[in-house]
Every structure is written in structure tokens, then in C-alpha cells.
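Student: Hello! Could you walk me through this structure, one feature at a time?
Tutor: Gladly; here it is.

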Amino acid sequence: QVRLVESGGGLVQAGGSLRLSCAASGRTFRSYPMGWYRQAPGKEREFVVAISSSGSRTYYSDSVKGRFTISRDNAKNTVYLQMNSLKPEDTAVYYCAAVDRPTSSGIYYRKDEYDYWGQGTQVTVSS
């Protein structure tokens with residue numbers, strides 16, 4: 001079992017930056033591919049970015065490519081999402097998630113492939 005806890009959300013003006021963190025419990029954190037999703041009011045939860053278990057591979061949605069950066073520190077059991085040049089349309093609850101495939105070196109972007117989810121952290125970007 002993996003428990004995920006997000007932090008770092010808040011209110012920021014357009015053009016600003018935030019850094020989200022996702023702290024994971026469990027000894028095998030370094031084995032889990034991870035991802036970030038977001039959900040705006042009245043909308044479906046959408047894929048943002050994914051990272052492989054080693055951190056060597058990443059995959060970004062077109063909407064955040066070039067502005068957001070995912071990274072992980074397996075020694076600290078933490079995944080980060082650096083968000084720059086934020087836009088009002090980035091406003092959403094952001095969730096981190098983990099895939100329970102410890103032998104995989106892949107990256108995953110389908111929501112139904114993720115087995116564990118955090119509780120989410122609110123990001124609000126004002127215009």
C-alpha cells in the first residue's frame with residue numbers, strides 16, 4: 001500500500017510559479033511510476049505529466065509542456081511539480097498518483113492505470 005500526500009498549492013497571479021510536492025509512504029516508492037493529474041470545477045480529471053520510476057523518462061500534456069517540470073527524489077520519497085508561467089486555466093485541484101507496477105520502467109498517462117491517489121491540493125491562478 002502507498003499513501004500519497006500533496007502540498008504546495010495556493011493562490012498565485014498569472015505568470016507566477018508554484019512548486020507542488022507529493023510525499024509517499026512505503027519502502028518501494030522508487031519502484032513506482034508516478035504522475036500528476038488535475039481537475040477543474042465541472043470538468044473531468046485530466047492528465048498533466050508522468051515520470052518513470054527512475055526519473056529518466058517523462059511525458060507532458062501539450063497544455064503544460066514547456067511550463068511545468070516533473071522531478072522525483074527517490075531518497076526522499078517525493079515527487080515534485082514545478083509550475084511556471086501559470087495561467088488562469090491552470091486553476092484546478094492537483095493530484096499525484098502512483099502505478100503499482102514495481103518492475104516497470106515505463107510511463108503512464110491513462111487514468112485507469114493508476115492505483116494510488118493523493119487527496120489533492122488546490123491551485124488557483126488569478127488573472
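Tutor: Let us start with a term: a residue is buried under 20% relative accessible area, exposed over 50% and partly exposed in between, using a 1.4 Å probe and protein chains only. With that in hand, Y37 and Y114 are both buried. This is a predicted model, where local features need pLDDT of at least 70 and side-chain atom pairs count only at pLDDT 80 or more, while totals for chains, interfaces and linings use all residues. Residues are numbered from 1 along each chain as its sequence is written, and side-chain values use heavy atoms, with hydrogens and water left out.

Student: How do I read a pair of rings, and how many aromatic pairs are there?
Tutor: A pair of aromatic rings is described by the distance of the centres and the angle of the planes. Rings of Phe, Tyr and Trp (its six-membered ring) pair if their centres lie within 6.5 Å; planes under 30 degrees apart are stacked, over 60 edge-to-face, and the rest tilted. The search of the whole structure gives eight aromatic pairs. One of them joins Y37 and Y114, edge-to-face, with 5.4 Å from centre to centre and 75° between the planes.

Student: Where do Y37 and Y114 lie in the chain?
Tutor: Strands (E, at least two residues) and helices (H or I, at least four) are DSSP runs, numbered from the N terminus. Y37 belongs to strand β4 (residues 34–39) and Y114 to the loop between β9 (92–98) and β10 (116–117), so their pair ties together parts 77 residues apart in sequence. Y114 also pairs with W117: the centres are 6.0 Å apart and the planes at 55°, so this pair is tilted.

Student: Is W117 buried or partly exposed?
Tutor: W117 is partly exposed, at 27% relative accessible area, whereas Y114 has 6% and counts as buried.

Student: Which charged end sits over the ring of W117?
Tutor: A charge sits over a ring if NZ of Lys or CZ of Arg is within 6 Å of the ring centre and within 35 degrees of the ring normal. For W117 it is R45, 4.9 Å from the ring centre. Elsewhere, R19 lies over the face of Y80, 4.0 Å from the centre of that ring.

Student: What about disulfides: which cysteines form one?
Tutor: A disulfide is a covalent bond between the sulfur atoms of two cysteines. The cut-off here is a pair of cysteine sulfur atoms within 2.5 Å. The structure has one disulfide, between C22 and C96, with the sulfur atoms 2.0 Å apart. The link is right-handed, with 50° about the S-S bond. C22 sits in strand β3 and C96 in strand β9, 74 residues apart, so distant parts of the chain are linked. Relative accessible area is 0% for C22, which is buried, and 1% for C96, also buried.

Student: Back to β4: which strands does β4 pair with?
Tutor: Two strands pair if DSSP finds at least two bridges between them. β4 pairs with β5 (residues 46–51) in the antiparallel sense over five bridges, and with β9, again antiparallel, over six bridges. G35 shows both sides: its bridge partner in β5 is A50, and in β9 G35 stands opposite A97. Five of the six residues of β4 are buried, leaving the strand mostly covered.
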